[in-house]
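Reader: Please walk me through this structure. I would like the terms with their cut-offs.

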Amino acid sequence: MAANVFQGGGVVDLVLRSGPVAKLVLVILLAFSVVSWGVILHKLWYLRRVSRQTASFRDVFRRSTKFSEVQAVCRAFSQSPVVGVFQAGYAELSTQLKQAAQEMGSPGEAPGRPTLKSLSAVDRALLRAAAVEVAKLERRLPLLATTASITPFIGLFGTVWGIMTSFQGIASVGSTSLGVVAPGIAEALIATAAGLFAAIPAVYFYNHFVAAVKELTAAMDDFALEFLNIAERNFT
Amino acid sequence: MEAVSRVLLERATPERGLARMLTASLGAHAVLAALILLVPSARGARAPDLRDVMTISLGGAPGPSAGGMTMAGGPAARPVAPTEAPKRDAGRPAAKPPAMTLPSSARIARPAPKPAAAPASPAGTAAGTGEASLNPNRGLGFGGLSTGGGLGSGSYLDVKNFCCPDYLVTMLQLVQNNWNARQQVGGEALVVFRIQRDGRLTDIELERSSGFPALDLTAQRALFLTQRVPPLPSAFPDDHLTVHLRFEYRR
């Protein structure tokens, strides 16, 4: 009979017949779901572009022989975090080289090969850039984590509330027949279903994105070391 | 400003496109909601077909009309009834003993219905009578409430095929708890009333008098005292259910 009640009523009827608290819970869960799916779609789109551009940029970087050449193409790959690391390193590098050229030029010495004053300053610039890029990649991921962890609880709250009221109904009617109990519980369970509906994709994509960010962080670290090596080889 | 800081500041600008994706997400949720809306409507279209086919008789004589209830939903009612039997026992201990101390005809009937009732009403309502002590009460009360021996004059619903016989069983038991079936005379009263969506009983009217005002009043009072029954099942589409209930008094 309970199955009959459910089939005949349908999910929509259950929602329409639920109380104000259950409706509020459902609205909150819907808002969470909309926002988290917005973030998911955005991050998917963004991370795909980022990894494509990163791969292309590293290709260009390895094929070119001058940092200035690479700097010229940076605009085309501006989404890639590795580009940010490169730009910061390049800015620090060119500042130091400019200073060295000025110091060398002023005493009237013969212009030799410009050298770096401090390689660790370049390293620090690369680290700073990596931190900025990671923060950018991870932006709004906490929202997914929050959705993943609290929407089941919000749904559970709706269900517990619904079952409480349905037991009150049982008490006032004075019957424990399945026909009395089942509809209230079915209404209440909608909230848990909605909570899981919002939480499951959030959990999945949160883990997916965290793994992607980790991968990109590794790429940035790798690139920073490569950059330092080249700088050390050429400018010290 | 330092060259590196300028680069970092420039890089730290948030990426664009989130608003577009939020809109897309909202659209996707709207589409999903529309799909959910459409699927139950297809189900809802099937429900009226069922309603035309299924005919539920509220009552029926212990023999033939219990069959009406059985056809509708006998098996489903089975798990419910046992849970209610003890409750009725506990809730109204006073109501039953008088029923059992009825005139000699009932006392004689008491051993007899037990074996007889089992084959006569094989499922559904029969499950509720698992307890022997309920049998005489039932024979008088429930049977009297829900049937009338008359062929065309039994209890019935305005709706041709009510979805949930289980609900009717519950409703009848609640009414029966408030019904004083022991009267000095026999007769039957037909009372019409409405069950609102929230379970309130309204528009209680006498449809056909038994000829004895006391019996008519007792029947109506049973409904007034009941006041509320469980809310109508969500499978039932209308906002109220009209029931024509026959109260049969046996001397």
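Author: Contact means heavy atoms within 4.5 Å. This is a predicted model, where local features need pLDDT of at least 70, side-chain atom pairs count only at pLDDT 80 or more, and totals for chains, interfaces and linings use all residues. Residues are numbered from 1 along each chain as its sequence is written, and side-chain values use heavy atoms, without hydrogens and water.

Reader: How many residues does the contact take from chain B and from chain A?

Author: Both chains contribute to the contact. The counts are 46 residues from chain B and 52 residues from chain A.

Reader: What area do chain B and chain A bury between them?

Author: Buried area is the accessible area (1.4 Å probe) that two parts lose on being put together, summed over both. Carbon and sulfur atoms hold 64% of it here. The area is about 4000 Å².

Reader: Which side chain of chain A meets Arg11(B) in a salt bridge?

Author: A salt bridge puts a side-chain nitrogen of Lys or Arg within 4 Å of a carboxyl oxygen of Asp or Glu. Chain B and chain A share two. In one, Arg11(B) has an N to O distance of 2.7 Å, and its partner is Glu133(A).

Reader: Why is the pair of Phe67(A) and Phe86(A) edge-to-face?

Author: Rings of Phe, Tyr and Trp (its six-membered ring) pair if their centres lie within 6.5 Å; planes under 30 degrees apart count as stacked, over 60 as edge-to-face and the rest as tilted. The centres of Phe67(A) and Phe86(A) are 5.8 Å apart. The pair is edge-to-face because the planes stand at 85°.

Methods:
Chains lettered and ligands numbered in written order.
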